[in-house]
Amino acid sequence: QRYIDQMLYYARLKGARKDYRFESVDTENCVKEVLEDFTPLLEEQKIQVWLDIKENTLFTDKRGFAFMLGQFISNSIKYSKGKDKQLRISCIREHEKIILSVRDNGMGIKACDLPYVFEKGFTGDSGDRRKKATGMGLYLAKEMAHDLNVELDIFSDADTGGCEIRVYFPVVKKPQLSAMDRMLSSVVTRSLAAIFNRKSHR
């Protein structure tokens with residue numbers, strides 16, 4: 001199913017028409033929905049999941065964000081190791097950025113491979129688990145990040161293990177109404193209320 005999703009999103013990303021819908025997304029609910037799809041694998045691998053969502057609103061395309069998150073979680077499961085397997089997902093606000101982090105304590109990535117992990121078809125070293133990799137997941141995530149106007153960064157240490165992917169969302173501020181706009185809005189609201197009251201008394 002994961003490979004089918006990748007093919008569908010590859011077609012979507014390369015299509016001439018994009019059907020993104022940018023809106024306020026409840027971060028925690030969206031993260032939990034994506035995690036639910038991976039529940040059988042997480043339980044099978046005995047991976048403990050920790051959530052720390054301090055910034056609970058993202059302005060983005062929900063489907064695109066969920067797809068990216070799914071790729072990160074899938075990789076964390078695929079390259080998990082040891083007995084105390086953990087997956088930590090957090091979301092905080094720092095200055096003018098909202099940072100969503102997906103961190104695990106799995107195999108990690110070699111320093112020489114890090115600059116290339118978002119390239120199409122790149123699978124890294126020849127480890128047994130990487131032989132089955134398509135090299136498309138992080139590439140598609142990077143392409144989606146470009147379309148959604150967010151930045152991706154990755155940190156890892158193959159010696160100590162573990163990998164962290166961060167997604168940097170811009171903070172979208174609600175437009176402030178001017179004094180004139182507020183006055184006009186108030187006048188319109190009162191006028192509509194008066195019309196409604198007159199109709200209700202007929």
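Predicted model: local features only at pLDDT ≥ 70, side-chain atom pairs only at ≥ 80, totals over all residues.
Strand 4 and strand 5 run antiparallel and are joined by eight bridges. The two form a hairpin with two residues between them, and H95, in the turn, has a positive phi of about 60 degrees. On to the next neighbour: S101 has R166 as its bridge partner in strand 7. Strand 5 and strand 7 are also antiparallel, with eight bridges between them. How many of the eight residues of strand 5 (residues 97–104) are buried? Six of them are, and the strand is mostly covered.

Strand 7 also takes us to the aromatic residues. The model has four aromatic pairs. The rings of F65 and F169 have planes at 75 degrees, over the 60 degrees that marks the edge-to-face class, so this pair is edge-to-face. F65 belongs to helix 4 (residues 62–78) and F169 to strand 7 (residues 163–170), so the pair links parts of the chain that are 104 residues apart. Both F65 and F169 are buried.

A second pair, Y116 with F122, is tilted. Here both partners are partly exposed: Y116 has a relative accessible area of 38%, and F122 has one of 25%. The geometry of these two pairs is set out here.

| Pair | Centre to centre | Angle between planes | Class |
|---|---|---|---|
| F65 and F169 | 5.7 Å | 75 degrees | edge-to-face |
| Y116 and F122 | 5.8 Å | 45 degrees | tilted |

Elsewhere, Y20, F22 and F59 come together as one aromatic cluster. There is also a charge over a ring: K142 lies over the face of F118, at 5.2 Å from the ring centre.

Now for the empty space inside the model. Rolling a probe the size of a water molecule over the atoms shows where such space is left. Searching the whole structure turns up one cavity of 30 Å³ or more, and the largest cavity has a volume of about 40 Å³. Which elements each supply at least two residues of its lining? They are helix 4 and strand 4 (85–94). The lining includes S76 and I77, as well as Q86 and L87. Also among the lining residues are L42, I47, D104 and N105.

How values were computed:
Residues numbered from 1 in each chain as written. Heavy atoms only, no water. Phe/Tyr/Trp six-rings, centres within 6.5 Å; stacked < 30°, edge-to-face > 60°. Helix = DSSP H or I, 4+ residues; strand = E, 2+ residues; numbered from the N terminus. Buried < 20%, exposed > 50% of the residue type's maximum accessible area, 1.4 Å probe, protein only. Lys NZ or Arg CZ within 6 Å of the ring centre and 35° of its normal. 1 Å grid on protein atoms, 1.4 Å probe; cavity = no way out; pocket = protein on both sides within 12 Å on 5 of 7 lines; lining within 4 Å. Points joined across faces, edges and corners; volume = space filled by probe spheres on them. Pairing = 2+ DSSP bridges.
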